[in-house]
Structure formats: C-alpha cells, structure tokens
Amino acid sequence: MGRNAQAYFVGGVSALGGFLFGFDTGLMSSILEMDYWKAYFGNPGSVGVGVITSLLTAGCFVGSLCAGYLADRFSRKRTIMVACVVFSLGASIQCGSRNRAMLIAGRFVAGLGVGVLSMTVPIYQSEIAPSHIRGRLVSLQQWAITWGLLVAFWIDYGCHFIKSNASWRIPIGIQIVPAAILFCSMVFMPFSPRWLIDHDRPDEAQKVLARLRAGGDMQDPEVVQELDDIKEAVRVERETAVRSYFELLRFPIRRRVALGVAIQALQQLTGINVIMYFAPSLFKQSGLSGDNASLLAQGVNGVINMLATIPAILFVDRWGRRVTLMIGSLGCAITYFVQAVATGATQNKIYEDDGSVNLQLPKGVSYLVIVMVYLFVISFAMSWGPIGWIYPSEIFPMHIRSKANSITTASNWLFNFVIGLVAPILMKRITWGLDLIFAIIMFAAIAIIYVFYPETKNRSLEDMEVIFTGSVWAHRDRKRVMEYDNAHVHGDASKEAASA
C-alpha cells in the first residue's frame, strides 16, 4: 500500500455503507423462507413479498435523490453519519414490527439511509483516492456489499434453527451494529479535500491531502500539485457553473448523465437482485429439497460472490472499465441463456399447496441451474458489481458531482424497486422466460458499452473534461483521446527537460 495506506483505510471504513445494503439484501432473501416469519405476517403471497422487499428500494430511491443536496451542503462525511442514524431507526422499527404495515414502514425508513449512503460513499471514496487506485478504492463499496450479503446469509442460517419469532427479529436487529460502527468511525475520518476547496477551506484541504498522500508532509510535491489542480478545476467550474439540477440537462453534461443513469440501470437489469433476494426460492423451484438445503446453497452463493469480487478490486484499474463490463456481460448472458434453454426444455411446472412453484426438473438439470446461478454471480461480481458504482462516481465535474450522482444512483434504485416488485410474480408465471429476458438485455449491454462508454481508468477527476468533450460514439473517439495522451506525455517530458 505504501503512500496510499491512509487512502485505503479511509475508503475501507466508508465502504461499511455498502455492507449495510448487502446485509439487508442477504437478510431478507433468507427471512422470506422462514416459517415463523411467514406465519407472523400472514403468509404473504408473491405480490405481498414483492411489496415488502421492494419498499426498501423505494426508500433508497428517495434517499439517493435527497443525498445530492445534503452532500454538497453539509459535506460527504456528515451526510454518511446522518444516513447511519436513519438506517438504524428503520432497522429498529423492523425489529419491533407488530404487523406488516410496521415492517414495510421500517423498510422504507431504512431504505432512506441506504439510498443516501449508496450515493455519498462512492463520491467520498473517489474524491479521496489518487487516480491510479480510484477504481480499486471505489470497488471496496461493492466488496463490502458482498460481505454484507455473506454475513447475513450465515446469520440467517444459524437463526433458522431458532423455533420462535426471534429467528427473524435477531438478524434484523443486528443490522444496527455495523451502522453504529460506521457512524463512530466517520467521526475520525477526514472531509473530502475537493469538498473543502469548493467551500473555500484550502488550508484544511492541504492537510487532508498530506494525510492521505504523504504521511502528513504538506510540502510534498504530489500534494502541492494535486491541490493546485483541484483549485484550478474549481475556479474554472465556478466561472461557468449554474449549480442546479437543470444544468444536468445541458450540453455537454447531459451525455454523462445519460451514461451514468444507463450504467446504473443496466447493473440492476443484470438481474442480480433477483438472484440475491430470491435465490432460496429459485433453488427450491429448481428441485433443491428442504429449507436447510436451499439456505445452505444461498450461503455458498454469498461466499462465491465475495471471492469473485476480489479480482475486480485488484485489477479493475489495469483491465479498464470497458473491457471488464463487456466480458462480464457476455458471461451473464451465456449463463442466463443456458439456464433458460435447459429449464424451458425439461420443466413440468406444478403449483404446491402453499402457492410456490415446483418445476420438477430432472436432477441433472437442477444441478446445472445451480451451477449457472453461481457462474452468473462470478461474472457479475467481477464486472458490473464494482464498475456500476465506479463509473458514475468519477465522470462528473466537482460543482455538480453530488447532484448528478444522486440522479444516477436513483435510477439504480428505481430499477431495483421495479424488478423487486415484479420478479416474484414473473418467477411463478413465466419461469424460464425471465432468464431469457435477462439474457437478451445482457447481450445488448455488450454493444451499448462498446459504442457509447469511453474508458476512464487512470484518469484524474479533473481530466474527465477531455474524455467527454469528443464524439458520443466512444468507439470512434479513441484516436482523439490517444492523441491527447501522447501530447500530454510529451508536454510533461518537455517541462521536465526544461526545468533540468
């Protein structure tokens, strides 16, 4: 880690915000299958389950829209702390729920906190990170999500053996612990240096940069140079800036907004949260018998998800965003297609007494479906999982970064909400047809990334203006960017020679 140890530490602490969302997602996927939970809330059907799961994401949608103003006005750091309090309140309401309405209200409130965190944490991480490890640092957000999923799966598995309502109240209540840890930890974390400069606090910004880059040496050349670059970028932006949401619709910013919204929407259209929320149901539907077996398979799924994210964290700044997304999309598409063909050709769908669907697949096909689910999770975790958060956090200028990211993050939660609402219904009605829909979307995503998305690896946040001032056809604009890079390198070499 070397000089970047402090940046890794601060980025890792703030990534606990992702852990909270992952924990809730993993929590509910298993709780939905608990007998005591079902009995307590009146055995909700597919529509009821869709409402209960998706109300968290509805809160996330609202929270992410509010986060832009909060992060600009009160700082990224304080906004994260407020979100922890809101999330804890929502978790407390859920833990003490007496009826379905109270549970839904608690999920909405918790969603407000998660929505704010999901927008603010990646921005905070991207603004404290040096350009050459920014992708890796923001990837910690997704890795924390996978850890949240993993921990929740195994806590649920253990609580599944408790023969009372404590089986679901205990895991819901445990959510408050990581929220409290994040709140207390953020007290000691620095403000974003870019936010400090934007609020005319350059001396504090220099101290933060010195802490993050040079072990406290405020006269370090890298610190001085980065401080000057940020000051100049903020000065230029102020001369032309109109700090409102309407600016997001203007040229040339609207192109970046469209790309940010699309990449967040496509992250959800991979179908990842169908897998994460409803994997136990999918495993049962595919013929994995017994609650314990399906929950155990989901626990294994969580381990795979966490481990498969590690290569992206280590190498995303080397592989680049474009290639990684296209390869990941191809992997997701193939696994969905194989699953759809195998299931569609062999299923004999029947409805059980409790309203669930049993596809009565041959044993070999059942195992094939489970393997395809695991391979899909690997493909997603190495690509769309981290880059869906990295790309929007790094492409916007400082003066509208929070507002723009609040819109892009809101699109993620909007699609998450819709998918969570309709997925339980579609899983029963069209079964393998849902896999085919996701396969088609993923094949289309390959073309979308290739044609429209410029590469952003190893670029400073202030350097993005050059990348996004060219043609909207990214695959045709690479020559111009290469010419800029060559001129930039030669210009730096000439300056060094002159100074020598």
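Select Arg-321 to start: Arg-321 is buried, with a relative accessible area of 1%. Buried here means under 20% relative accessible area, exposed means over 50%, and partly exposed lies in between (1.4 Å probe, protein chains only). This is a predicted model, in which local features need pLDDT of at least 70 and side-chain atom pairs count only at pLDDT 80 or more, while totals for chains, interfaces and linings use all residues. Residues are numbered from 1 along each chain as its sequence is written, and side-chain values use heavy atoms, with hydrogens and water left out.

**Stop 1**

A salt bridge is a side-chain nitrogen of Lys or Arg within 4 Å of a carboxyl oxygen of Asp or Glu. Asp-317 is buried too, with a relative accessible area of 9%.

Now select Asp-72, Arg-76, Glu-127, Arg-401 and Lys-403. Salt bridges with shared partners join these residues into one network. The structure holds 12 salt bridges.

**Stop 2: Arg-134 and Glu-394**

Select Arg-134 and Glu-394. Their side chains form a salt bridge, 2.9 Å from N to O. The pair links distant parts of the chain: Arg-134 is in helix α7 (residues 134–159), Glu-394 is in helix α18 (residues 384–394), and 260 residues separate them. Helices (H or I, at least four residues) and strands (E, at least two) are DSSP runs, numbered from the N terminus. Are these two partners buried or exposed? Arg-134 is buried at 1% relative accessible area. Glu-394 is buried at 0%.

**Stop 3: helix α18**

How many residues of α18 are buried? The count is 11 of its 11 residues, and the helix is mostly covered. Among them are Trp-384, Trp-389 and Tyr-391. Also buried are Gly-385, Pro-386, Ile-387, Gly-388 and Ile-390. Pro-392, Ser-393 and Glu-394 complete the list.

**Stop 4: Arg-194 and Glu-226**

Select Arg-194 and Glu-226. Their side chains meet in a salt bridge at 3.7 Å, N to O. Arg-194 lies in helix α10 and Glu-226 in helix α12 (residues 221–240), so the pair ties together parts that are 32 residues apart in sequence. Arg-194 is buried, with a relative accessible area of 4%. Glu-226 is buried as well, at 13%.

**Stop 5: Ile-275**

Go to helix α14 (residues 272–285) and pick Ile-275. Its relative accessibility is 5%, so Ile-275 counts as buried. What does Ile-275 touch, leaving out residues up to four places away in sequence? The neighbours are Leu-282, Gln-298, Asn-301, Tyr-336, Val-373, Phe-376 and Val-377. Contact means heavy atoms within 4.5 Å. Draw a distance from Ile-275 to Val-377: their C-alpha atoms are separated by 8.4 Å, and the two residues are 102 apart along the chain.

**Stop 6: two loops with positive phi**

Select Asn-43. This residue sits in the loop between α3 (35–40) and α4 (46–74). Asn-43 is not a glycine, yet its phi is positive, about 45 degrees. With a relative accessible area of 55%, Asn-43 is exposed.

Then jump to Asp-200, in the loop between α10 (193–198) and α11 (202–213). Its phi is near 55 degrees, again a positive value in a residue other than glycine. Asp-200 counts as exposed at 56% relative accessibility.

**Last stop: the whole chain**

Clear the selection and zoom out. The protein chain has 22 helices and 2 strands. Its radius of gyration is 23 Å, close to the 23 Å that the globule rule gives for 500 residues, so the chain is as compact as a globular protein of that length. That radius is taken over C-alpha atoms, and the rule is 2.2 Å times the number of residues to the power 0.38. Along the principal axes, the C-alpha atoms fill a box of roughly 80 × 45 × 40 Å.

Colour by burial: buried residues make up 56% of the 500 residues. Of contacts between residues at least 6 apart in sequence, 80% join residues at least 24 apart.
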